[in-house]
Amino acid sequence: MSPDSGTNVVWLGSPGFPEAARTALGDPQLRRNLRKATATIRDKRLAVTGELDDWEQLREAGAATKRHTLRHLDRYLLRLEDSVTKAGGVVHWAADAAGANRIVTDLVRATGEAEVVKVKSMATQEIGLNEALEQAGIRAYETDLAELIVQLGDDRPSHILVPAIHRNRAEIREIFQREMGAWGRPAPDGLTDEPRALAEAARLHLRDKFLRAKVAVSGANFAIAETGTVGVVESEGNGRMCLTLPETLITVMGIEKVLPRWQDLEVFLQLLPRSSTGERMNPYTSTWRGVTPGDGPQAFHLVLLDNGRTATLADTVGRQALACIRCSACLNVCPVYERTGGHAYGSVYPGPIGAILTPQLVGVEHAATLPFASTLCGACYDACPVKINIPEVLTHLRAEVVEAKRAKRRVPGAEALAMKAATAVLASPRRLSVAQKAAALGGRLVSRKDVIGPLPGPLHAWTDARDTPAPPTESFRAWWQRTHPTGADS
Amino acid sequence: MTARDTVLGRIRAALADVPADEAVGDAPVPRDYRRSHAEADEVGLFAERVADYRARVVQATPERARATIAGLLAGSDVRTLVVPPGFPPELVPEGPWRRLEEPLEPGDLEAADTVLTTCRAGIAVTGTIVLDAGPGQGRRALTLLPDHHLCVVRAEQIVADVPDAVALLDPGRPLTFVSGPSATSDIELDRVEGVHGPRSLDVVIVREEPHV
Ligand code: SF4
């Protein structure tokens with residue numbers, strides 16, 4: 001791994017995407033949960049984005065703002081550092097996960113506390129902060145309902161917005177009944193699987209943790225360079241609890257989350273809630289600048305995290321992935337995500353955005369199957385509020401994967417050439433379908449202990465890797481066409 | 001070398017393709033989106049959109065405001081009422097509730113039934129109330145721990161849409177944008193109102209000639 005690569009982004013020991021996807025496809029409960037959930041949220045998003053007849057102009061403004069900010073990232077970060085510092089906050093810089101974890105651990109230790117409450121945050125998941133704190137004897141309590149479900153179930157998140165989307169109500173009830181007691185207040189007697197009752201159980205369970213906590217750790221949805229204002233967008237109020245009640249607040253934020261001006265929020269506060277939860281506005285958005293005497297935490301630390309982002313920034317095609325505002329719309333419209341769920345991506349960033357962000361953060365050689373976890377149907381690009389051209393980046397990364405393999409194995413150009421052909425195949429829905437059927441057939445014919453030998457046809461050189469798992473017997477595209485006879489994906 | 005130098009150095013190296021003379025203002029953001037998606041009656045739209053979140057919305061004239069608030073409190077069986085500093089005294093009704101004022105501990109707030117506040121602004125299109133911890137609103141914890149929040153919005157505080165609100169607000173103050181009661185969609189994406197923030201939200205719109 002090169003020194004500027006991100007660490008902890010991928011889960012150690014995760015199988016490659018095709019293998020993990022096959023496991024997921026064999027789980028009918030998981031697929032039912034996912035189908036129901038993604039369909040619900042897709043409809044909501046379409047309804048509220050359809051209300052705005054200038055949605056395209058808003059997307060264009062959002063994309064342009066992000067593009068511009070990334071091109072001058074160093075200047076905006078320095079401005080942010082200055083504004084936050086002037087307002088009584090302390091800014092820290094972390095080159096990688098270990099650095100960020102060390103900063104946060106030391107800050108918590110300095111308070112003398114042994115527990116922290118946490119607001120759902122992709123950045124702290126990415127760096128494995130909870131595990132790092134645990135090793136230092138500090139217990140981190142997740143307070144977002146879905147994160148709580150994931151934490152109590154000793155599970156992994158499978159969606160950016162609703163990390164427990166793979167769990168249904170009956171499973172959640174069982175996790176609460178079994179685990180809450182070990183973490184604090186047990187689940188109430190006679191808990192039903194009504195969402196209302198489950199939410200109430202979470203409220204009671206977390207209440208004394210909020211009232212007791214002296215230190216909170218959060219992420220940030222944005223930070224304004226010009227004013228030093230930091231913001232968290234949420235629904236449940238657990239964010240407000242963490243941002244308001246403790247004495248010390250530590251916010252860990254990816255460097256790409258900075259926005260130049262306060263005015264930019266007029267765009268992002270329209271784009272984000274409508275794309276994310278499919279609401280006109282999410283229930284709560286909190287913003288703060290540094291420390292406010294007499295109101296909220298009196299110590300504020302902002303940790304600016306690189307962890308592979310600058311390596312992503314260096315790629316002029318892949319750079320656009322850093323514009324992501326983590327709304328999760330691309331997950332909900334993705335036919336692959338809907339079949340496999342988030343765990344198959346083996347990373348805290350699942351779905352289409354994960355397929356382009358993870359390989360860039362960690363280096364393509366460490367997530368080589370992810371750029372192929374897509375049919376390139378383009379639904380993600382259409383849904384993305386900041387117009388990230390995900391198919392373009394996927395195709396670009398596919399070529400890089402091949403290039404990286406070639407460099408490593410010193411195979412002269414043959415594989416790269418074949419990959420170019422494969423990319424052409426994958427870019428064409430019809431040719432992909434033919435090739436995948438051939439691959440599925442070939443894979444079954446030659447499969448020995450789930451490992452397939454060299455294949456005939458256009459995918460020959462690509463599959464000529466000893467660790468390539470057998471493809472599922474039915475490809476996504478074949479499945480999609482069988483179950484959607486109207487050709488709804490073209 | 002500090003981590004700060006490392007990160008900044010990497011950023012500059014990564015941006016080698018950006019012309020050195022490209023000024024920060026060189027790529028203007030196209031802002032040809034609407035300033036507002038509201039039609040004429042902004043107050044009516046605000047009332048409708050707040051109610052969409054399953055909050056209770058009532059309109060009242062300035063003369064009737066106090067009685068309206070009293071009615072809502074009585075209807076909610078309120079026994080303890082938090083009133084932040086600077087809340088207009090003429091709007092605080094008498095009743096069977098005990099009135100709590102600062103300084104308050106988290107435990108007091110947690111045990112309180114209701115908090116009665118003003119706000120900084122309302123946003124019609126999104127049905128949002130914005131609090132900025134100013135007079136009549138109190139510090140943020142006051143509107144967070146009690147289970148019921150009753151917020152008084154004057155009609156002239158309602159702006160059409162998000163851009164007007166952002167322009168009006170002070171980024172230096174602690175802001176809370178509230179759109180309905182707290183909610184979660186984490187269980188099968190079924191929306192449930194009421195998790196950690198106030199589980200019920202009442203909004204009283206004070207307006208000269210209410211369209212009720
Ligand atoms: S890539 Fe676009 S659609 Fe996907 S999560 Fe990021 S902002 Fe949302």
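Analyst: A definition to start: Ala, Val, Leu, Ile, Met, Phe, Trp, Tyr, Cys and Pro count as nonpolar, Asp, Glu, Lys and Arg as charged, and the others, Gly among them, as polar. This is a predicted model, in which local features need pLDDT of at least 70 and side-chain atom pairs pLDDT 80 or more, while totals for chains, interfaces and linings use all residues. Residues are numbered from 1 along each chain as its sequence is written, chains are lettered from A and ligands numbered from 1 in the order written, and side-chain values use heavy atoms, leaving out hydrogens and water.

User: How do the residues of the shell around the ligand divide into nonpolar, polar and charged?

Analyst: The residues around the ligand (a heavy atom within 4 Å) include Cys324(A), Arg326(A), Ser328(A), Pro385(A) and Ile390(A). Arg counts as charged. The shell divides into ten nonpolar, one polar and one charged.

User: Which kind of pair do the rings of Phe17(A) and Tyr345(A) form?

Analyst: Rings of Phe, Tyr and Trp (its six-membered ring) pair if their centres lie within 6.5 Å, with planes under 30 degrees apart stacked, over 60 edge-to-face and the rest tilted. By this rule there are four aromatic pairs over all chains. With centres 4.8 Å apart and planes at 55°, the rings of Phe17(A) and Tyr345(A) are tilted.

User: How many residues apart are Phe17(A) and Tyr345(A)?

Analyst: Phe17(A) is buried at 5% relative accessibility, and Tyr345(A) is buried at 3%. Tyr345(A) lies in the loop between helix H15 (335–340) and helix H16 (351–362) of chain A, and Phe17(A) in helix H1, so the pair links parts of the chain that are distant: 328 residues apart.

User: What is the pair of Tyr141(A) and Trp183(A), stacked or edge-to-face?

Analyst: The ring centres of Tyr141(A) and Trp183(A) are 6.3 Å apart and the planes lie at 70°, so the pair is edge-to-face.

User: Which residue has its charged end over the ring of Tyr141(A)?

Analyst: Tyr141(A) is buried, with a relative accessible area of 7%. A charge sits over a ring if NZ of Lys or CZ of Arg is within 6 Å of the ring centre and within 35 degrees of the ring normal. Here, 4.5 Å from the ring centre, the charged end belongs to Lys209(A).

Definitions and conventions
Helix = DSSP H or I, 4+ residues; strand = E, 2+ residues; numbered from the N terminus. Buried < 20%, exposed > 50% of the residue type's maximum accessible area, 1.4 Å probe, protein only.
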